[in-house]
Amino acid sequence: MGITYTDKKKFTKERTRQLFRSVGWVSGKYPEHLHKALMESSTVFSAWDGDRLVGLVRVLDDTEMVAYMHYVLVDPEYQGHGIAGHLVGMVKEKYCDYLYIEVMPEESKNATFYQKHGFSSIEDGVAMQIRNPGERR
């Protein structure tokens, strides 16, 4: 498996749709919006097997102090090969001078992955969100 990594936003709507649907994420149902969101993100690192998009991490930052790693995902056929860890390492390297790199795992079962990569729970912190009803757009 010859995985290559890049910060170039060379992915297409179809490639991102395929990757997001491979992990069952609803955002894959909205390829136009998903692609636009990724293209406008501060940083996107992606993992490729030839011309197949197999992994991706998205970061939103304020240019100085806080970088928020919104998600890390890897195609199930490629999980267990260190791709997600490599992508997180790329984020940690790029944002090493920031005060915080934050992540909010949406499933508690994923917390151990992030802990393995140096993240810890915010003391007395709690994740919060507004989830708009139904599938929008």
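**Sheet and helices of a predicted model**

Biologist: In what order do the strands of the open sheet run?

Modeller: The open sheet has five strands with mixed pairing, where two strands pair if DSSP finds at least two bridges between them. Helices (H or I, at least four residues) and strands (E, at least two) are DSSP runs, numbered from the N terminus. This is a predicted model, in which local features need pLDDT of at least 70, side-chain atom pairs count only at pLDDT 80 or more, and totals for chains, interfaces and linings use all residues. Residues are numbered from 1 along each chain as its sequence is written, and side-chain values use heavy atoms, with hydrogens and water left out. The order is β1-β2-β3-β4-β5.

Biologist: Which are the edge strands?

Modeller: An edge strand here pairs on one side only. The two are β1 (3-6) and β5 (100-103).

Biologist: Which residue in β4 stands opposite Val57?

Modeller: Strand β3 (residues 52-61) pairs with strand β4 (residues 66-74) in the antiparallel sense, over seven bridges. Opposite Val57 stands Val72.

Biologist: Which strands does helix α3 touch?

Modeller: Helix α3 (residues 83-94) packs on the sheet, and its direction makes about 150° with that of β2. Axes are lines fitted to C-alpha atoms, for helices over the stretch in contact, and angles run from 0 to 180 degrees between N-to-C directions. Contact means heavy atoms within 4.5 Å. The strands touched are β1, β2, β3, β4 and β5.

Biologist: Which residues of α3 are buried?

Modeller: Buried means under 20% relative accessible area, exposed over 50% and partly exposed in between (1.4 Å probe, protein chains only). The cover over the buried residues of α3 includes α4 as well as β1, β2, β3, β4 and β5. The buried residues are Ile83, Ala84, Gly85, Leu87, Val88, Met90 and Val91.

Biologist: Are α1 and α2 roughly parallel or roughly perpendicular to each other?

Modeller: Helix α1 (residues 13-22) packs against α2 at an angle of about 100°, with the axes 9 Å apart. Angles under 35 degrees count as roughly parallel, over 145 as roughly antiparallel, 65 to 115 as roughly perpendicular and the rest as oblique. The two helices are therefore roughly perpendicular.

Biologist: Is Met128 buried or exposed?

Modeller: Met128 lies in the segment after α4 (111-116). From Lys10 it is 118 residues away in sequence and 32 Å away in space, C-alpha to C-alpha. Because its relative accessible area is 69%, Met128 is exposed.
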